[in-house]
Amino acid sequence: MEKTIEIARSFSWTVQVEAFAPRNFFCSEKMECLESEAEETSKKLFHFCRQQVEKDVAEYIIKHSPEIIDAEVNLRGLSTEPITEEMESIKDKLGL
């Protein structure tokens, strides 16, 4: 009988709004799976966490501070590889 294991993955992103004013976004998920499915499960959990955080960051940036968009897009390289629809929206708003 194949062993069952628990996989936990997380993703975080800090947006530096101004000096000494960071905004932290974090997602963590875990799931049990068969040992043979561990690698694929890990990838799926990480992708899920990353999408959730990027969605939250995009919503925050659009709602609170459009000036942050340019700095974050350049810093994270999002203009060349948006992961989520929200980040694609930011790219479109900037005309990239």
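Q: What makes the link between the side chains of Ser42 and Arg9 a polar contact?
A: The two side chains come to 2.8 Å, and a polar contact is a pair of N or O atoms within 3.5 Å, where within protein one must be able to donate a hydrogen and the other to accept it, and residues adjacent in sequence count only if both atoms are side-chain atoms. The 2.8 Å between Ser42 and Arg9 therefore meets the distance limit. A friendly note on the source: this is a predicted model, where local features need pLDDT of at least 70 and side-chain atom pairs count only at pLDDT 80 or more, while totals for chains, interfaces and linings use all residues. Residues are numbered from 1 along each chain as its sequence is written, and side-chain values use heavy atoms, with hydrogens and water left out.

Q: Why does Ser42 count as buried?
A: Its relative accessibility is 16%, and buried means under 20% relative accessible area, exposed over 50%, and partly exposed in between (1.4 Å probe, protein chains only). Ser42 is therefore buried. It sits in helix 1; helices here are DSSP runs of H or I with at least four residues, strands are runs of E with at least two, and both are numbered from the N terminus.

Q: Which residues does Ser42 touch, leaving aside its neighbours within four places in sequence?
A: Ser42 is in contact with Ile7 and Arg9, where contact means heavy atoms within 4.5 Å.

Q: What makes Phe11 and Phe46 an aromatic pair, and how is its geometry classed?
A: Their rings lie 5.6 Å centre to centre, with 75 degrees between the planes. Rings of Phe, Tyr and Trp (its six-membered ring) pair if their centres lie within 6.5 Å; planes under 30 degrees apart count as stacked, over 60 as edge-to-face and the rest as tilted. Phe11 and Phe46 therefore pass on distance and are edge-to-face on angle. The pair links distant parts of the chain, with Phe11 in strand 1 and Phe46 in helix 1, 35 residues apart.

Q: Which residues make up the largest nonpolar core?
A: It has 10 residues: Phe11, Trp13, Val15, Phe25, Cys27, Cys49, Val53, Val57, Tyr60 and Ile61. A nonpolar core is a set of buried Ala, Val, Leu, Ile, Met, Phe, Trp, Tyr and Cys residues joined through side-chain atoms within 4.5 Å. Beyond its neighbours within four places in sequence, Phe11 is in contact with several residues, including Phe25, Cys27, Cys49 and Val53.

Q: What makes Ser10 and His47 partly exposed?
A: Ser10 has a relative accessible area of 35%, so it falls in the middle class. His47 is at 40%, so it too is partly exposed. Ser10 lies in strand 1 and His47 in helix 1. Their C-alpha atoms are separated by 9.2 Å, although the residues are 37 apart along the chain.

Q: How far apart are Ser10 and Cys49 in sequence and in space?
A: They are 39 residues apart in sequence and 5.9 Å apart in space, C-alpha to C-alpha. Cys49 is also one of the contacts of Ser10 beyond its neighbours within four places in sequence.
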